[in-house]
Amino acid sequence: MAQSITAAQLKAIAGAGARADLVAAIVRGWPNAVAKAGLTTRLRAAHFLAQIMTETGGLSILEESGAYRAARIMEIFGVGKHSAAVTAAEAKRIAALPVAQRGVVLFNRVYGTGNPRKMREFNNTGPNDGWLYRGGGMMQATGKSNYAKMAKKTGLPLVEHPELLHQPDSAFMAAYLEWAQDGRCNTAADRDDVVEVRRIINGGRNGLAECRKYLAKAKQALADYSAAPAASFVALDPAADQAAVEDQPDPAPPPPNVQPLDPAAVGDPVLFDVQRRLKARRYSPGMIDGRWGGATAGALSGFMNDRGLALPLPTSLETFHDIADELHGELTEAETENWYRPVSEARAAADPKVVTQLAPEVVPAKRNFLTALWGSIVAIATAVWQWVSSTVSDAWDFFTDHRDIVDDHPGLVSTIWGHVTALPVEVWWLLGAGGLAFIAYNSWRAIKTSTLSVQTGERQ
């Protein structure tokens, strides 16, 4: 007996519709799931898989597509069925859209700004949040607020990178980390309490009948799954521990990708190098410091997915080193090909809608830029006018007041210097214009930086 899972077992539980990529992701990630989520018994493993099967329709879906016919839209989101109260005319109009547009329009209508109730419930206040935070993952989270909750449980940057829940490896990782987050799921599974497990995962009894069916199949398919004994604490004998340490052979040399840390270096040098190279390929790992974190996990997930790498997504620095050699090879190949993160034509052309959606800070930056720019122009024009008019006026007044004594007036130089150092109002206008010009310049730089991050794909 072993704590492992096979593709055949998963297909026996899921049924004929199981997607090969989802099956492969679970098989690859199962050792991590056992370690992180404590899936050490047949009951725990069976209940965990039953929940995944229920949420993914037997491993057939990982995200809501929204490519529904009018009748299906009415069945789920129609008047009397959902708070969106979609009318028959709306459903027909949405269903008539091209498939690529249908889900975007539908989910922004029912989960986002088109449905104020769900918009507030899910915190989907952005113009495209309904689509971005649609139902996704192997535990099916819906809405920005629920993505944020799952991000807190799992440590994955799901709000910044909602696409992580739509990719097989990271979706499975999010599922087992959510299962493990407070121990309640394993406790309920140990009692074989499918109702309580369903309540913890789903919040109620939705899909309970289907879940029971998957659970029965999982118990049968995992008949030989091992039941490891629970760990227990024992008293320590320092002398015996020291003797045991001394008897141990010298440790094996580290894998070839593991380098000894330079005391002056920040973090892990191997991870630092990968972060640097990912950044160059336009995958943002956050701060390049050789330390493991959610942003690095997101960048790796995007790179591996875009390059078609069939590797388990790392969850820590240790598991990163397990695949570091393969990552180095793939990065080298990408660099040789001069390959960068693929982006859509709309992104590359800096389509204003795409830029506003992915980099909302551009809107206030543009407003600040235009306000500061015009303010600076007005201030400069006013300063010039003040300078010219006041200089001419002062010169005329000085001449008329002193025309009889200009040649022998002993304070002429002092009077002129007093005019120069008096800082007339036009100087203050020029100083204000300079400050506004500085604000305009910084706003322009912010707009360019954010737009470029969208065009290159760094901003997701």
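Reader: Which residues touch the most other members of the largest nonpolar core?
Author: This is a predicted model, in which local features need pLDDT of at least 70, side-chain atom pairs count only at pLDDT 80 or more, and totals for chains, interfaces and linings use all residues. A nonpolar core is a set of buried Ala, Val, Leu, Ile, Met, Phe, Trp, Tyr and Cys residues joined through side-chain atoms within 4.5 Å. The largest one here has 91 residues, and those touching the most other members are Trp30, Leu39, Phe48, Leu59, Met138, Phe172 and Trp179.

Reader: Which helix gives the largest share of this core?
Author: Helices are DSSP runs (H or I, at least four residues), numbered from the N terminus. The largest share of the core is eight residues, and they come from H10.

Reader: What does Leu59 touch, leaving aside its neighbours within four places in sequence?
Author: Leu59 is one of the core residues that touch the most other members. Contact means heavy atoms within 4.5 Å. With those neighbours left out, the contacts of Leu59 are Ala14, Gly17, Ala18, Arg19, Leu22, Val23, Ile26, Ile52 and Met53.

Reader: At roughly what angle do H9 and H10 cross?
Author: H9 covers residues 144-154 and H10 covers residues 168-180. Their axes (lines fitted to C-alpha atoms over the stretch in contact, with angles from 0 to 180 degrees between N-to-C directions) come within 9 Å and cross at roughly 75°.

Reader: Is Leu177 buried or exposed?
Author: Leu177 lies in helix H10 and is in contact with Lys36, Lys153 and Thr154, leaving aside neighbours within four places in sequence. Its relative accessible area is 17%, and buried means under 20%, exposed over 50% and partly exposed in between (1.4 Å probe, protein chains only). Leu177 is therefore buried.

Reader: Where is Asn115, and what is its relative accessible area?
Author: Asn115 is found in the loop between helix H6 (99-110) and helix H7 (116-122). Not counting residues up to four places away in sequence, Asn115 touches His82, Ser83, Ala84, Arg109 and Val110. Asn115 is buried, with a relative accessible area of 4%.

Reader: What is the arrangement of H5 and H6?
Author: The axes of H5 (residues 88-95) and H6 come within 9 Å and cross at roughly 150°. In the contact, Glu90, Ile94 and Ala95 of H5 meet Arg102, Val105, Leu106 and Arg109 of H6. The angle makes the pair roughly antiparallel.

Reader: How many helices does the protein chain have, and how many of its residues, in percent, count as buried?
Author: The secondary structure comes to 22 helices and zero strands. The protein chain has 460 residues, and the part that counts as buried is 42%.

Reader: Where is the pLDDT below 50?
Author: The chain averages a pLDDT (the predictor's confidence in each residue, from 0 to 100) of 78, and 73% of the residues score at least 70. Where pLDDT is low, the predicted coordinates should not be read in detail. Residues are numbered from 1 along each chain as its sequence is written, and side-chain values use heavy atoms, with hydrogens and water left out. The pLDDT is below 50 over residues 227-265 and stays under 50 over residues 406-410.

Technical notes. Helices (H or I, at least four residues) and strands (E, at least two) are DSSP runs, numbered from the N terminus. Angles under 35 degrees count as roughly parallel, over 145 as roughly antiparallel, 65 to 115 as roughly perpendicular and the rest as oblique.
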